[in-house]
Amino acid sequence: IDGAIILSPSLNDERIEAIKEKLIPCVIIGRPDINLPFSTIDVDNVHLVEEVVSEMKESGRNNIYLINSNDQLKDRSIGFAKAYNLDEKEIENHIFYSKFSTKEDGYYYAMHAIKEGADAIITASEIIARGAYEAIKDMNKEIGTDVAVFSLGYSFGEKNNFSPSLTYAIQDYN
């Protein structure tokens, strides 16, 4: 091939290594895990999360939690802390990292957040949000009234069959 475009790279992405070894020109859409000699295009997650938290605070939400997808991806956590005018260490107890980004992780971390009095939860994906919805319902809380949920991503193949509807940001890499 003469050139490549890599979408949504994973940590230690084999595609990137293969292209790097063969010296193929490449553009990466999404952030790779290491500094590479390729151009990259990425979502401004710092600004996105900062805006979401600010909007939630303006609507009266004061105890917001973030269920992030991976402890290696710090941009969302940085944006979360910036919205509170704190550093990451000071807001650390309001941020969880879902190692596997599953519904079960969403449930587990949302339960913890709700027990701590969360009135809003920001999730890294709609999959994690599904778990948060279940946790909110199991705690006899009302979604949207008692605890708001916002997803930082959404898969287009997935139907938005959340009740009530899930509020989300679209980060379309395709």
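## Basis

Buried means under 20% relative accessible area, exposed over 50%, and partly exposed in between, computed with a 1.4 Å probe on protein chains only. By that scale Lys 82 is partly exposed, with a relative accessible area of 41%.

The model is predicted, so local features need pLDDT of at least 70 and side-chain atom pairs count only at pLDDT 80 or more, while totals for chains, interfaces and linings use all residues. Residues are numbered from 1 along each chain as its sequence is written, and side-chain values use heavy atoms, leaving out hydrogens and water.

## Salt bridges

A salt bridge is a side-chain nitrogen of Lys or Arg within 4 Å of a carboxyl oxygen of Asp or Glu. The whole structure holds three.

Lys 82 pairs with Glu 50, with 3.8 Å between the closest N and O atoms. Lys 82 sits in helix α3 (residues 75-83) and Glu 50 in helix α2 (residues 45-58), 32 residues apart; helices are DSSP runs of H or I, at least four residues, numbered from the N terminus. Glu 50 is partly exposed at 22%.

Lys 103 and Glu 134 form another salt bridge, at 2.7 Å. Asp 13 bridges to Arg 15, also with closest N and O atoms 2.7 Å apart. Asp 13 is buried at 6% relative accessibility, whereas Arg 15 is partly exposed at 39%.

## Asp 105

Asp 105 belongs to helix α5 (residues 103-115). Asp 105 is buried without a salt bridge, and the nearest side chain of opposite charge, Lys 99, is 9.3 Å away; Lys and Arg count as positive, Asp and Glu as negative, with His and the chain ends not counted. The Asp 105 side chain reaches the backbone nitrogen of Phe 100 at 3.2 Å.

Note on methods
Helices (H or I, at least four residues) and strands (E, at least two) are DSSP runs, numbered from the N terminus. A polar contact is a pair of N or O atoms within 3.5 Å; within protein, one must be able to donate a hydrogen and the other to accept it, and residues adjacent in sequence count only if both atoms are side-chain atoms.
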